[in-house]
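Welcome, and thanks for taking a look at this one. Here is a short briefing to read alongside the structure.

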Amino acid sequence: MVKSKRFVFARQFDGPPKESDFELVEEETPELKDGEILVESLFNSVDPYMRPYTRRLPTGITMIGEGCGRVIESKYSDFPVGTVVMGRYGWCTHAVLNAKEQDPQSPIRKAPADYPKDLPLSLLLGAVGMPGMTAYFGLLKLCDPKEGETVFVNGAAGAVGSLVGQIAKIKGCKAVGAAGSDAKVAWLKEIGFDAAFNYKTVSSLDAALKEAAPNGIDCYFDNVGADFTSTVLNHMNLFGRVAICGSISTYNDKDPAKGPYPFVTILSKQLTVTGFIVLRWFPEWPQGMAQMVQWIKEGKIKHREHVTEGFDNMPKAFIGMLVGENTGKAVVKV
């Protein structure tokens, strides 16, 4: 048994999350049973999806989230001590996991055996993990970008958006992004975006899109939703493809957003609009992870992390991520 910390989801969020919505609990881990492993977390992830997902969850549970850790005790030979794993074990410093009888909706994944030693393990929660797979499969499977086309992504300086633009460039497309600060826009241009703008300071989103994508948009990777997306759809080209990844602009809303309704635009432009959750391609993740590692090693994909030190700062990191304090992937170093 070891002493462990975890954050309990203590109160349903009322608008933006507050630190008082979480409760820090210290306890000892139970003795392992056959088939179980004890994981000591190295990095814990904070991601936008956590905010809407909590609406359907009861209070009193460990706050949801993914972590990357190392097996420090094992009663299952397939996961010996020292194995690096990723799993959705929530906000905790240590987790007892049933590695023999896994939940297919929450699988425990081993770090690739050939994962480069010169890459930080935290990337297994970022460019080589779930956000990377979200960008890779969401863009390539749903938008199917063709050479010479224009790809637009909002939330472009985040963990997913920054990768979407770079993958678009690898595929020979024009990459256009929107972000929430001048510093983020400058970084997007550094990593190869053809055009980028600060949506908070432009006089008109419509005018900014016309300037950044004068020939229209063929592929739209949406992380923001609501009115922003309604405006972008007006700039889509005929037969454009839209991947709906998130709707962060609405996550703290108490009432559902209303209009303007884009259905006539979708009809007249004959758009393909698809929402997705990246686990639908889980069997293909090893292929995607290997490709992302290769692109990183080749210098074709650049990554940035916003690292918060200390497990006790999990709520602060989560709240900051939701208001855009991070550039790139937000992680907490335990």
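Why is helix 9 (residues 314-322) largely enclosed by the rest of the structure? In this predicted model, seven of the nine residues of that helix are buried, so the helix is largely enclosed.

**Helix 9 and its cover**
- The buried residues here are Met-314, Pro-315, Ala-317, Phe-318, Gly-320, Met-321 and Leu-322.
- Their cover includes strand 1 (3-9), strand 2 (22-28) and strand 3 (36-45), along with helix 1 (50-53).
- Strand 14 (305-309) and strand 15 (329-333) are also among the elements covering the buried residues of helix 9.
- Just after the helix comes Gly-324, with a positive phi of about 85 degrees.

**Overall fold**
- The protein contains nine helices and 15 strands.
- Its radius of gyration is 20 Å, which agrees with the value near 20 Å for a compact globule because the chain has 334 residues.
- The C-alpha trace spans about 60 × 45 × 35 Å along its principal axes.
- Of contacts between residues at least 6 apart in sequence, 68% join residues at least 24 apart.

**Surface and charge**
- Buried residues account for 52% of the 334 residues.
- Carbon and sulfur atoms hold 51% of an accessible surface of about 15,200 Å².
- You will find 37 positive and 38 negative side chains, with the centres of the two sets 3 Å apart.

**Annotation**
- An unreviewed UniProt entry places "domain: Enoyl reductase (ER)" at residues 15-332.
- Residues 15-332 are 26% helix and 25% strand, and their end C-alpha atoms lie 23 Å apart.

Note on methods. Residues are numbered from 1 along each chain as its sequence is written. This is a predicted model: local features need pLDDT of at least 70, side-chain atom pairs count only at pLDDT 80 or more; totals for chains, interfaces and linings use all residues. Side-chain values use heavy atoms; hydrogens and water are left out. UniProt positions are given in the numbering used here, feature names are shortened, and annotations may be inferred rather than shown by experiment. Helices (H or I, at least four residues) and strands (E, at least two) are DSSP runs, numbered from the N terminus. The radius of gyration is taken over C-alpha atoms; the globule rule is 2.2 Å times the number of residues to the power 0.38. Buried means under 20% relative accessible area, exposed over 50%, partly exposed in between (1.4 Å probe, protein chains only). Contact means heavy atoms within 4.5 Å. Accessible areas come from the Shrake-Rupley method with a 1.4 Å probe; for residues, only the protein chains shown count as cover. Lys and Arg count as positive and Asp and Glu as negative; His and the chain ends are not counted. The place of a charge is taken as NZ of Lys, CZ of Arg, CG of Asp or CD of Glu.
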